[in-house]
Amino acid sequence: MRRKISENVSWVGYIDWELKKFHGEEYSVMNGSSQNAYLIEEEKTVLVDTVWAPHRFEFIENLKSEIDLNKIDYIIVNHGEVDHSGALRDLLKEIPDTPLYCTANCVKSLEGQYGKLDWNFNVVKTGDRLDIGNGKELIFVEMRMLHWPDSMATYMTGNNLLFSMDAFGQHFAAEELFNDLVDEELMHKEAMKYFANIIHPFAPFVTRKLKEIEGMNLDIKMIAPSHGAIWRDNPMQIVEKYKEWAEGYKEDRIVIAYDTMWEGTMEIANKIAYEINKRSPETIVKSFNIAKYDKNDIMTEVFRSKAILVGSPTEVNDVLSSVAEWLHFLKSLKFKNKKAAAFGTYGWSGESVKIIQERLKEAGFDVIDEFVKVNWRMNEDDKVQVEKMVDALLKEL
């Protein structure tokens with residue numbers, strides 16, 4: 001059902017309390033999510049985005065209960081990803097030839113996913129405007145690589161409302177809709193997780209795009225993203241956070257990430273945590289068994305941290321598969337301005353530490369020379385090795 005969010009603008013999306021995974025199995029959803037779509041009713045009636053295909057029929061029926069679909073003059077497609085375009089095909093069977101406004105890359109995206117289409121595409125670029133009556137316009141802003149090449153945002157004059165698409169969103173089910181009504185601590189946690197795991201690989205684009213939007217002198221009073229809560233109370237707070245997060249963000253935190261076979265590597269991780277706290281008690285230390293903790297939550301902590309220490313026993317001349325997969329994901333997120341060190345155990349060959357060091361360097365981390373490499377289980381000499389590595393790491397920070 002429609003929910004008013006601004007003058008002549010309603011939320012008409014879908015709140016998905018049961019969603020647990022997103023992007024296939026890549027992203028964990030702990031607090032539900034939403035697919036936000038919006039309906040503008042000025043002299044022209046405009047639908048901004050739709051919802052994921054599993055909810056398409058409910059979405060269309062809800063729209064029908066609110067308005068005559070034939071009164072929709074335009075559909076804005078800010079992004080072609082299926083969680084936003086999934087209802088388009090069935091909706092356009094009801095109202096064929098309705099003009100769609102999107103980027104050129106979005107046309108390619110939609111046709112790549114749904115096949116060759118005879119839809120009424122109207123390609124727009126940054127700065128293009130669409131008159132919707134009552135003295136109001138929609139201004140289009142390309143948001144390339146935030147987080148697909150086809151992404152764009154749409155600004156509504158008069159209401160000073162930015163439909164920001166995936167930027168500034170959260171996978172967070174918010175029945176209350178607005179940031180000042182939800183659990184703000186949880187919402188901010190989900191916003192950071194979303195940035196760290198989805199947006200951060202494109203951080204340089206974030207910085208450039210925010211500068212470009214500032215140059216357009218848009219007076220933004222509300223930000224309506226495609227997922228999660230709508231920012232109506234001090235909406236620019238999330239923009240300021242994106243600026244900060246995109247510039248090599250770090251706090252006084254250190255993450256220890258490892259997997260273990262027979263507890264030997266775990267013992268090293270525990271010793272490292274103890275030694276860091278002993279030497280730098282104000283530093284927050286987080287230790288995670290990679291195989292047992294959610295990878296997106298670990299990566300959010302890595303994003304917040306100034307350094308990480310990664311450990312694995314050697315298995316068949318390599319690291320454990322859980323650690324290998326985790327390091328691959330770490331590289332894809334393109335974190336910057338962080339230190340790292342490696343540790344591990346071995347029985348007879350002992351390649352894991354060197355492999356971890358190499359992969360951390362490939363992931364963009366500044367890896368210190370000191371490491372911990374233990375044959376089977378730690379003895380007193382190995383504990384000294386841990387102390388030396390922690391001392392060296394802290395001196396680098």
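Predicted model: local features only at pLDDT ≥ 70, side-chain atom pairs only at ≥ 80, totals over all residues.
Local features need pLDDT of at least 70 and side-chain atom pairs count only at pLDDT 80 or more, while totals for chains, interfaces and linings use all residues. Residues are numbered from 1 along each chain as its sequence is written, and side-chain values use heavy atoms, with hydrogens and water left out.

**Exercise 1.** Determine how helix 8 and helix 12 are arranged, and which residues make the contact.

*Solution.* Begin with the axes, which are lines fitted to C-alpha atoms over the stretch in contact, with angles from 0 to 180 degrees between N-to-C directions. Those of helix 8 (residues 264–279) and helix 12 (residues 380–396) come within 9 Å and cross at roughly 50 degrees. Helix 8 is therefore oblique to helix 12, where oblique covers whatever is left once angles under 35 degrees (roughly parallel), over 145 (roughly antiparallel) and 65 to 115 (roughly perpendicular) are set aside. Next, the crossing is right-handed, that is, the near helix is turned clockwise from the far one by less than a right angle. Finally, the contact (heavy atoms within 4.5 Å) is made by Ile268, Lys271, Ile272, Glu275, Ile276 and Arg279 of helix 8 and by Lys383, Val386, Glu387, Met389, Val390, Asp391 and Leu394 of helix 12. These residues divide into 7 nonpolar, no polar and 6 charged, with Ala, Val, Leu, Ile, Met, Phe, Trp, Tyr, Cys and Pro counted as nonpolar, Asp, Glu, Lys and Arg as charged, and the others as polar.

**Exercise 2.** Carry out the analysis for helix 5 and helix 7.

*Solution.* The axes of helix 5 (residues 184–199) and helix 7 (residues 236–245) come within 12 Å and cross at roughly 40 degrees, and the two helices are therefore oblique to each other. Helix 5 passes helix 7 in a right-handed crossing. Among the residues that make the contact are Phe195 of helix 5 and Tyr242 of helix 7; by class, this contact has 8 nonpolar, 2 polar and no charged residues.

**Exercise 3.** Identify the residues that touch the most other members of the largest nonpolar core.

*Solution.* A nonpolar core is a set of buried (under 20% relative accessible area, 1.4 Å probe, protein chains only) Ala, Val, Leu, Ile, Met, Phe, Trp, Tyr and Cys residues joined through side-chain atoms within 4.5 Å.

Note on methods. Helix = DSSP H or I, 4+ residues; strand = E, 2+ residues; numbered from the N terminus. Buried < 20%, exposed > 50% of the residue type's maximum accessible area, 1.4 Å probe, protein only.
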